[in-house]
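Welcome! Please take a moment to look over the sequence and the fold before reading on.

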Amino acid sequence: MTSTAMPTAEQHGFRPHSDGAFVPVQTRSERFRSVNVEDFAPVTGREHEWKLSPVAAFADLTSGVLDGSRVEIETTVRHAQDGADATGVDVSWIGRDDARVGRTGIPEERASANAWSTFGEALLITVTGEDEKTAAVTRHGLGDAPRAAHTVIEAAPNSRGLIVLRGTGEARLSENVEIVVGEGASLTVVSLQEWSDDAVHLASHFARLGRDSFLKHIVVSLGGKVVRVNPSTHLAEQGSDVEALGLYFADAGQHLEQQVFVHHDAPHTRSRVTYKGALQGAGARTVWVGDVLIGNAAVGTDSYEQNRNLVLTDGTRADSVPNLEIETGDIEGAGHASATGRFDDEQLFYLMARGIREDEARRLVVRGFLTEVVQKIGSPDLEKRLIAAIEAELEGR
């Protein structure tokens, strides 16, 4: 249902203070949420969640009319060990009124709400069975018209699987991805952005983890003009565990952004967040914002987040903002780190002293820096292909 009322102060990004005045929202946990796009004020770029984004480049996705029809997909399911065809991953379409939609979270910003308000059917990916299998779902040929999409990934209790969501070709896409990890399940989700040079992709991922479950969530952004992937993970039940990884390589004029949120909301939960990126070329821009909230019920929490950026040329910019909010003192540990810098001269000297040319030494350093994340994916074929893609980026292809 469309709202015609004017947005409130809360919807503009303010909250009431004890003295009756309104102050800007400072933490992710305080943000306004709604599935209705009209509940959000128009995006100006001054909002806390948009101030580091090139909002003019995707105004059609935040305020325009989106095509919410089905997108074309290709799906393959393979055994993790031998690569043979496998079962245990089902892919289908469900209506927006299906009970499996809306279980993990709701939009915190206008682009996500616009996609939620517009999509007609959701792509449902269901993982069952305790055997290891890999499913690749590829979207391509979306065109240059603004579109909306919604995906639900559900891992049944005690199931195992790896899901790759891959985007290629042209796109102007705003989407929401819901991830439900059942009790005792172990799931890996890889969001792989290999769009064409002019593509724009805005995505919000919402994950909810059950008791003693594990989620490895990996964002890999290589292609696209503007790519903004914001994953939120709710550690909702005791013993849940998330490893959130990210890899990005920004070229000239490219904007790659990630705003990560981890909410510890149950006892003895664990999170590890590691995002690493490289930048080269005039106007290359990356943004990483990491928010961790440890709620008052999350005793025994063990949490750490870090972001590392490697600057390869002049004319680039990397924004890195780690945030930690703790509401209980009874935790195992929590911390964060952020660093942005150029090559390590000692590493270059070490390699060049052994007869390696400077350009080759630089390539080896960058490859070693980024492949730490690639090697944690758990799919040898995908890891090999991503290493080749990193090599291509370094060579300017």
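What follows is a short tour of the sheet, the helices beside it and the cores.

This is a predicted model, in which local features need pLDDT of at least 70 and side-chain atom pairs count only at pLDDT 80 or more, while totals for chains, interfaces and linings use all residues. Residues are numbered from 1 along each chain as its sequence is written, and side-chain values use heavy atoms, with hydrogens and water left out.

**The sheet**

Let us start with an open sheet of nine strands in mixed pairing, ordered β3-β6-β8-β10-β12-β14-β16-β18-β20. Helices (H or I, at least four residues) and strands (E, at least two) are DSSP runs, numbered from the N terminus, and two strands pair if DSSP finds at least two bridges between them. β3 (73-79) and β20 (333-341) each have a single partner strand, so one side of each is left without a neighbour in the sheet.

| Strands | Sense and bridges | Facing residues |
|---|---|---|
| β12 and β14 | parallel, eight bridges | S221 and Y248 |
| β14 and β16 | parallel, 10 bridges | E243 and R272 |

Buried means under 20% relative accessible area, with a 1.4 Å probe and protein chains only. D241, E243, L245, L247 and F249 point one way from β14, and V242, A244, G246, Y248 and A250 point the other way.

**Two helices side by side**

Next come α4 and α5, whose axes come within 10 Å and cross at roughly 145 degrees. Axes are lines fitted to C-alpha atoms, for helices over the stretch in contact, and angles run from 0 to 180 degrees between N-to-C directions. In α4, R363, V366, R367, L370, T371 and V374 meet E383, L386, I387, I390, E391 and L394 in α5; contact means heavy atoms within 4.5 Å.

**The cores**

Finally, a nonpolar core is a set of buried Ala, Val, Leu, Ile, Met, Phe, Trp, Tyr and Cys residues joined through side-chain atoms within 4.5 Å. The largest has 48 residues, of which I125, I153, I163, I179, L187 and L215 touch the most other members. Leaving aside neighbours within four places in sequence, the contacts of I179 include T104, F206, R208 and H217. A second, separate core of 30 residues includes L192, L245, F369 and V374.

Notes:
Buried means under 20% relative accessible area, exposed over 50%, partly exposed in between (1.4 Å probe, protein chains only).
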